[in-house]
Amino acid sequence: MKKNQLINRRHAIITGLTSLTGLLLPGCSKKLPPTYGNILRMGDVLTYVAHRTLLPGQSLAREYQYGDISSFPAIGTTNPADPAKPFCNEAYGRLLSGAFTNWALSIEGRVARPRSYSLADLQRFPPRTQITRHTCEEGWTAIGQWTGVPLSRVLNSVGILPSARFVNFYAYDDYMESIDMFDAFHPQTILAYGMNGRDLPVPHGAPLRLRVETQIGYKSLKFLKRIVVTDEFVDKGDNGWAWYTGI
Amino acid sequence: MISHHTLNPKNSRHKRWVKGTHWIITMSFLALAFSGFVILMAHPRLYWGEVGNDLTPALFELPISRNYQHGGWEKKSPFFDSTGSPVSMSRNFATFNKNSWGRSLHFLAAWFLVLTGAVYLLAGIFTGHFRSHLWPRVNEFRLRLFWRDLINHLRMRIPSATYGPQYGLLQKCTYSVVIFFLLPLTVLTGLTMSPAITAAYPFLLKIFFGAQSARTIHFFASAILVLFLLVHVVMVIKSGFKKQIRAMTIGK
């Protein structure tokens with residue numbers, strides 16, 4: 001009896017350790033975002049690998065009813081052309097005063113047919129409307145209705161090259177975010193031009209913002225300017241914020 | 001008083017895997033409690049349901065950073081023309097703290113807790129540790145005995161230490177609640193705050209009544225765990241700190 005227990009214990013420990021190394025092994029391959037040699041980032045990478053390995057593919061985030069729409073704080077940049085702020089983008093100010101008729105989103109990088117889309121071009125794609133919960137990393141949540149074009153439709157129309165692995169977003173407030181192809185082709189990942197049945201308001205990212213419903217709020221970049229598809233992870237340096245924020 | 005089972009002498013000391021997992025989980029828990037507090041400071045308001053933010057009512061607010069103070073909001077604009085419409089407001093103050101590194105530390109420590117916890121649970125089941133040491137026996141559990149054990153502890157009449165896993169009734173019950181209820185509850189409510197995980201497993205939002213409820217339950221479960229840690233340390237001190245620590249580390 002005693003001997004059996006010992007073997008079982010050893011088995012349990014060995015099994016545990018083996019599954020652990022199984023999770024860490026992909027960390028050696030080049031296919032992952034860098035850890036900046038930072039131990040905190042290693043945990044983030046482990047979370048990313050675990051989510052991509054263990055979670056069932058492309059599940060939809062919960063969608064809510066119209067009556068669930070809630071008050072919605074606008075934080076971070078609430079107007080890139082605000083002269084009162086140390087950061088002020090005059091180009092954005094000109095686009096804003098022209099009601100964004102001169103605004104265009106350029107899509108370039110590892111794509112077959114790079115081009116620019118005006119707001120009207122984007123609105124000609126079949127739209128998707130979703131009422132979802134925004135989860136801010138600070139801890140608060142809000143429910144809003146978003147209307148836009150699924151990113152997958154736009155990417156398919158420019159034709160991404162087979163080697164493409166990341167989609168990078170650049171904004172008028174100089175922020176940059178990137179997501180992998182898994183999230184880029186998620187059905188709820190949209191380029192939103194409408195919020196709660198109206199045009200996207202300036203504090204929430206007019207004229208176009210990204211919505212990534214399977215990640216934390218700061219991934220849903222506002223005030224979009226440019227999209228670049230890349231083979232390589234574009235390292236914007238370690239600014240303290242995790243790259244993958246599905247958790 | 002409390003009877004300590006006379007067991008096989010080989011069983012009378014803490015097993016090495018128990019000691020190892022005990023300390024890894026202790027360190028993870030300390031890191032989680034600390035980083036959890038840092039994260040909470042970024043938005044020290046708690047809610048019930050799916051939605052909660054500075055523009056909606058809170059269950060309560062904790063005065064642990066100036067982020068709980070209102071003001072610094074401008075341009076209130078309703079989304080709809082109806083009265084009582086939800087509104088948008090822009091925040092124009094800098095938050096007291098950024099929780100970016102706190103979040104990363106929290107999840108790194110959570111990995112240690114979850115993986116070590118899984119090893120501990122498997123080992124506990126397969127070695128019979130839970131059955132023989134941790135779970136109160138059916139014929140052992142009497143409300144009267146439990147009550148007497150509790151009163152004795154409150155009066156600081158702590159049974160002398162056995163330096164092994166021969167636990168008293170109150171001890172067994174407390175450890176079982178911590179190991180099989182509170183720690184799993186913090187892990188599950190923590191996962192319920194994750195957008196990717198609730199997309200894959202929406203039942204989590206159902207059983208915890210929404211993302212904000214999960215956050216509130218996460219807070220209370222963690223607060224009880226911190227309280228447990230404090231009482232646990234007091235009990236270790238009261239029952240012979242040096243010998244207890246020795247028994248849980250290098251002691252054979």
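**Entry 1: the contact between the chains**

Two residues are in contact if their C-beta atoms, placed from the backbone, lie within 7 Å. With that rule I looked up where the two chains meet, and I found that 50 residues of chain B and 50 residues of chain A take part. On the side of chain B that touches chain A, the elements giving two or more residues are helix H1 (16-42), strand S4 (87-91), H2, H6 and H8 of chain B, where helices (H or I, at least four residues) and strands (E, at least two) are DSSP runs, numbered from the N terminus. H2(B) gives the largest share of this side, 14 residues. I then sorted the residues of this side of chain B into 28 nonpolar, 15 polar and seven charged, counting Ala, Val, Leu, Ile, Met, Phe, Trp, Tyr, Cys and Pro as nonpolar, Asp, Glu, Lys and Arg as charged, and the others, Gly among them, as polar.

I note that this is a predicted model, in which local features need pLDDT of at least 70 and side-chain atom pairs count only at pLDDT 80 or more, while totals for chains, interfaces and linings use all residues. Residues are numbered from 1 along each chain as its sequence is written, and chains are lettered from A and ligands numbered from 1 in the order in which they are written.

**Entry 2: strands across the chains**

Strand S1 (residues 72-74) of chain A pairs with S4(B) in the parallel sense over three bridges, pairing being called when DSSP finds at least two bridges between two strands. Within S4(B), I found Ser90(B) to be the bridge partner of Ala74(A).

**Entry 3: helix H5 of chain B**

I checked the length of helix H5 (residues 169-192) of chain B: at 1.5 Å a residue its 24 residues should span 34 Å, and the end C-alpha atoms are 33 Å apart, which agrees; the expected span is 1.5 Å times one less than the number of residues. Among the buried residues of H5(B) are Leu169(B), Leu183(B) and Leu191(B), buried meaning that 20 or more other C-beta atoms lie within 10 Å of the residue's own. The buried residues of H5(B) pack against several helices of chain B, including helix H4 (143-154) and helix H8 (211-238).

**Entry 4: confidence**

For pLDDT, the predictor's confidence in each residue from 0 to 100, chain B averages 91, and 94% of its residues score at least 70. Over residues 1-10 of chain B, however, pLDDT stays under 50. Where pLDDT is low, the predicted coordinates should not be read in detail.

Note on methods:
Buried ≥ 20, exposed ≤ 12 C-beta atoms within 10 Å, placed from the backbone.
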